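Keep the view open beside you as you read.

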Amino acid sequence: MRMDSITDFMDKDHRIIDALWKNAHDAANNQAWLLAQDMLTIFTQALLLHIDAEEDILFPAIEEKQGWEEGPTSFMRHEHKQIRYQLQQLEKLADTGEYHEFLKVGDLLTALLALHNSKEEKVLYPLCDQVMGIEHQEVLDLIKGRIGKDAHTHTGQKIETGS
Ligand SMILES: [Fe+2]
Ligand SMILES: [Fe+2]
């Protein structure tokens, strides 16, 4: 893997978002709903920033490069829709403090994110690093500009991801 790779940057952002989700989930699990709402807001902002950067910058770039009209990125966009829907549900459930429903939707989101992220990390991002050619740095810079230069700044705090 090259030093400054899309894979490296985006993998790291996934781990940060995972850590933010754990904070929100733990708070809800303890029925600390005010905290859960705050943590959920931070998590949601980070996740939406990430998937918007994919949909607006990374996916169009790889689609153009590969000549994809219907391809892996359409499937990723479809999963993003499901993720967005679950985020809206979680926000409502945290507002009303519905413990069991929150954990149920939370489990669905955990599973979906794990699958989705692993497909991106194992297949899509490495492919982007391989084929992007002279546009590689420009695409990566655009993503960093959107998400935050070191994939930490969007949360306003440094998060320990254990990696
Ligand atoms: Fe994604
Ligand atoms: Fe992603």
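The axes of α1 and α2 cross at roughly 160° and come within 8 Å of each other. An angle over 145° counts as roughly antiparallel, so α1 is roughly antiparallel to α2. The crossing of this pair is left-handed. From α1, the contact draws on Asp13, Ile16, Ile17, Leu20, Trp21, Asn23, Ala24, Ala27 and Ala28; from α2 come Leu35, Ala36, Met39, Leu40, Ile42, Phe43, Ala46, Leu47 and His50. By residue class, the contact of α1 with α2 holds 15 nonpolar, 2 polar and 1 charged. Please bear in mind that this is a predicted model.

Now look at the loop between α1 (6–29) and α2, where you will find Gln31. Most residues other than glycine have a negative phi. Gln31 has a positive one, near 55°, and is not a glycine. Is Gln31 buried or exposed? Gln31 has 11 C-beta neighbours inside 10 Å, and therefore counts as exposed, the cut-off being 12 or fewer.

Follow the chain onward into α2, which spans residues 33–66. Where does α2 bend? The bend is at Glu54 and amounts to about 40°. Just after α2 comes Gly67, with a positive phi of about 65°.

Helix α2 has another partner to show you. Helix α5 (residues 136–147) packs with α2 at an angle of about 160°, and their axes are 9 Å apart. The two helices are therefore roughly antiparallel to each other, and their crossing is right-handed, whereas that of α1 and α2 is left-handed. On the α2 side, the contact is made by Leu49, His50, Ala53, Ile57, Leu58 and Ala61; on the α5 side, by Val139, Leu142, Ile143, Arg146 and Ile147. These residues divide into 9 nonpolar, 1 polar and 1 charged.

Next comes helix α3, which covers residues 72–96 and includes Ser74. Ser74 is exposed, because 12 other C-beta atoms lie within 10 Å. How far apart are the C-alpha atoms of Ser74 and Phe59? They are separated by 8.9 Å, with the two residues 15 apart along the chain.

Helix α3 pairs in turn with helix α4 (residues 99–131): their axes come within 10 Å and cross at roughly 155°. That angle makes α3 roughly antiparallel to α4, and the crossing is left-handed. In α3, the residues that take part are Pro72, Met76, Glu79, Gln82, Ile83, Gln86, Gln89, Leu90, Leu93 and Ala94. In α4, they meet Glu101, Phe102, Val105, Gly106, Leu108, Leu109, Leu112, Leu113, His116, Glu120 and Leu124. The contact of α3 with α4 comes to 13 nonpolar, 5 polar and 3 charged residues.

Finally, step back to the whole chain. Its secondary structure comes to 5 helices and 0 strands, in the pattern α-α-α-α-α along the sequence. Of its 163 residues, 26% count as buried. Among contacts between residues at least 6 apart in sequence, 72% join residues at least 24 apart.

Key:
Residues are numbered from 1 along each chain as its sequence is written. Chains are lettered from A and ligands numbered from 1 in the order in which they are written. This is a predicted model: local features need pLDDT of at least 70, side-chain atom pairs count only at pLDDT 80 or more; totals for chains, interfaces and linings use all residues. The bend at a residue is the angle between axes fitted to the seven residues ending there and the seven starting there. Helices (H or I, at least four residues) and strands (E, at least two) are DSSP runs, numbered from the N terminus. A residue is buried if 20 or more other C-beta atoms lie within 10 Å of its own, exposed if 12 or fewer, and partly exposed in between; C-beta atoms are placed from the backbone. Axes are lines fitted to C-alpha atoms, for helices over the stretch in contact, and angles run from 0 to 180 degrees between N-to-C directions. Angles under 35 degrees count as roughly parallel, over 145 as roughly antiparallel, 65 to 115 as roughly perpendicular and the rest as oblique. A crossing is left-handed if the near helix is turned anticlockwise from the far one by less than a right angle, and right-handed if clockwise. Two residues are in contact if their C-beta atoms, placed from the backbone, lie within 7 Å. Ala, Val, Leu, Ile, Met, Phe, Trp, Tyr, Cys and Pro count as nonpolar, Asp, Glu, Lys and Arg as charged, and the others, Gly among them, as polar.
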